[in-house]
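Subject: Structure handover

Hi there,

Here is the structure I promised to pass along. Have a look at it first, and then read on for what turned up.

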Amino acid sequence: MSVNNNQPLRCIALLCTCSVLVLWSCSENAHGFQVSKTDGGLAIRWPTTSAGFYINPAGAPSAGLSAIQAAMQTWINVTTSNFSFVYKGQTSSTSFGQNDGSNMVCFGALVGAQYDSTLAVNTIFFNGQTGLLSDSDIKFNTNFTWATGNSPDAYDVQTIALHELGHALALDDLYESGDTAKVMYGYCDPGEIKRFLSQDDMDGITYLYPGGGTTTTTTITGSCPAEFVLGQDHPDLQQLRSLRDGLLSRSVVGHRIIQMYYNNSDSINAAIERSPVLRDAARSFFETAALVMVKKQ
Ligand SMILES: [Zn+2]
């Protein structure tokens, strides 16, 4: 491995849609991966468990299109995550790096000294308050030589696509010596092939988008205790639903809490009915929880 040829895969340009540019990486090293977070500490994610991408193959080596689709499929195949990349077809658009809600992969020369050693860029846009992604555009730097076979002198499209799609999930680069085998490692050599995910890469997508083999559909069997205590038109209910759908439902533990809450709602409501003290405590609890969500937004 020649150090001189060891080129950064970077970079990920995190563009915040509502205030200043935010570049805040929060270490999740205990898990062997890193996720991007807002300055408020929320993990950056897509609002749904899929993201569609167009591909502009102009400038790509032969079979570049299918190499990128194969990389999408590799992330989709992680059985512990319910996230899906969706290939939306070819495009001739060159609107790279615009927050237009249309995600794309393209090839072209990255101009500027800051890109001299950058193989590819992924520009992502997200809401600075909620952390929700709205756009991701990937560009392969054609100042370098690309291939889809096993060329020792060129960079492998599928390898780098897999890495850049990891940024599209809001996973960050890794630079430690123990990270070299991971797809999210931030450097790559010519001829280096890394078309499979390491367990840490899979843990990363699973952390952000858990699910997959198991259903995460919430079954609402009873009436909602918060509605029962606060009344059906209370403004805090909207914040509580945001707490449920925006935060709790995104983790396995949070999902269990939601499920327990609804499964036991009838007995919770009956207990509240019997005890004015419990009713006051429950009201205070729900109002505090709603306030937490207001502060997060
Ligand atoms: Zn990177």
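A word on burial before anything else: a residue is called buried if 20 or more other C-beta atoms lie within 10 Å of its own, exposed if 12 or fewer, and partly exposed in between, with the C-beta atoms placed from the backbone. Helices (H or I, at least four residues) and strands (E, at least two) are DSSP runs, numbered from the N terminus.

Please keep in mind that this is a predicted model: local features need pLDDT of at least 70, side-chain atom pairs count only at pLDDT 80 or more, and totals for chains, interfaces and linings use all residues. Residue numbers start from 1 along each chain as its sequence is written.

**Confidence and overall make-up**

The pLDDT (the predictor's confidence in each residue, from 0 to 100) averages 82 over the chain, and 78% of the residues score at least 70. Residues 1-5 have a pLDDT below 50, and in the model this stretch has four contacts beyond near neighbours in sequence. Contact here means that the C-beta atoms of two residues, placed from the backbone, lie within 7 Å. Residues 10-29 also stay under 50 in pLDDT, and the model has 49 contacts for them beyond four places in sequence.

The chain has eight helices and twelve strands. Of its 297 residues, 36% are buried. Taking contacts between residues at least 6 apart in sequence, 73% join residues at least 24 apart.

**Helix α2**

Which residues of α2 are buried? They are V157, Q158, T159, I160, A161, L162, H163, E164, L165, G166, H167 and A168. That is twelve of the twelve residues of α2, so this helix is largely enclosed by the rest of the structure. From its first C-alpha to its last, α2 reaches 16 Å, close to the 16 Å expected at 1.5 Å a residue; the expected span is 1.5 Å times one less than the number of residues.

After α2 comes A170, with a positive phi near 85°, and this is a residue other than glycine. A170 sits in the loop between α2 and β12 (187-188). It counts as buried because it has 25 C-beta neighbours inside 10 Å.

**Helix α1 and what covers it**

Helix α1 (residues 64-76) has 13 residues and should span 18 Å at 1.5 Å a residue; its end C-alpha atoms are 19 Å apart, which agrees. Its buried residues are G64, A67, I68, A71, M72, T74 and W75. Because they cover an arc of only 155° around the axis, they lie on the same side of α1; the arc is that of the directions from the helix axis to the C-beta atoms. Their cover includes β5 (50-55), β6 (84-90), β7 (103-108), α2 (157-168) and α3 (199-208).

W75 belongs to helix α1 and is buried, since it has 24 C-beta neighbours inside 10 Å. Setting aside neighbours within four places in sequence, W75 is in contact with F83, F85, L165 and I205. W75 and I205 are 130 residues apart in sequence, yet 8.0 Å apart in space, C-alpha to C-alpha.

**The loop between β5 and α1**

G59 lies in the loop between β5 and α1 and is partly exposed, because 14 C-beta neighbours fall inside 10 Å. Beyond four places in sequence, G59 contacts F107, G108 and T142.

A63 is in the loop between β5 and α1, and its phi is near 70°, a positive value in a residue other than glycine. With 15 other C-beta atoms within 10 Å, A63 is partly exposed.

**Nonpolar cores**

By nonpolar core I mean a set of buried Ala, Val, Leu, Ile, Met, Phe, Trp, Tyr and Cys residues joined through C-beta atoms within 7 Å. The largest has 50 residues, and those with the most contacts inside it are I68, I160, A161, L165 and L169. Helix α2 gives the largest share of this core, six residues. Apart from it lies another core of nine residues, among them C224, F228, V229 and A290.

As for I68, its contacts are I55, V105, V157 and A161, not counting residues up to four places away in sequence.

Best wishes
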